[in-house]
Amino acid sequence: MGYLFLTGAIVAEVVATTSMKYSEGFSRLWPSVLTATGYVIAFALLAQTLKTVPVGAAYAIWAGVGTAVIAAIGMLFLGETLTAFKVAGIAMIIGGVVLLNLGGAH
């Protein structure tokens, strides 16, 4: 169940971060509301996750997957360029999450 909460936390964080882009510095109401709501939901779900999943593993997965997904959204939908550095960075994030989990983060 903890990993289901973690998945929800990641989705909420990605929605919130994407909405922040559209809030134009919190000058647009609905994207701003979605940003705040998304982050509240993300942290509430992350708190539930930490009841059953070790903090090191949960945070590594939450931050790593969230970062990689946001980078992909930026490149696919927001006109950001795909560079070798970005691909390498995402690969390192994923590698770091895998290593933390294999190295006894559980």
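Glu-24 lies in the loop between helix 1 (2-22) and helix 2 (29-49), where helices are DSSP runs of H or I with at least four residues, numbered from the N terminus. The structure is a predicted model, in which local features need pLDDT of at least 70 and side-chain atom pairs count only at pLDDT 80 or more, while totals for chains, interfaces and linings use all residues. Residues are numbered from 1 along each chain as its sequence is written, and side-chain values use heavy atoms, with hydrogens and water left out.

Helix 1 has 21 residues and spans 31 Å from its first C-alpha to its last. This is close to the 30 Å expected at 1.5 Å a residue, the expected span being 1.5 Å times one less than the number of residues. Buried positions (under 20% relative accessible area, with a 1.4 Å probe and protein chains only) in helix 1 include Leu-6, Ala-9, Ile-10, Glu-13, Val-14 and Ala-16. An α-helix has 3.6 residues a turn, so residues three or four places apart point the same way. The cover over the buried residues of helix 1 includes helix 2 and helix 3 (55-77).

Just after helix 1, Glu-24 adopts a positive phi of about 50°, although Glu-24 is not a glycine. Glu-24 is exposed, at a relative accessible area of 53%, the cut-off for exposed being over 50%. Phe-26 is also found in the loop between helix 1 and helix 2. The phi of Phe-26 is positive as well, near 60°, in a residue other than glycine. Phe-26 is exposed, with a relative accessible area of 51%.

Methods. Helices (H or I, at least four residues) and strands (E, at least two) are DSSP runs, numbered from the N terminus. Contact means heavy atoms within 4.5 Å.
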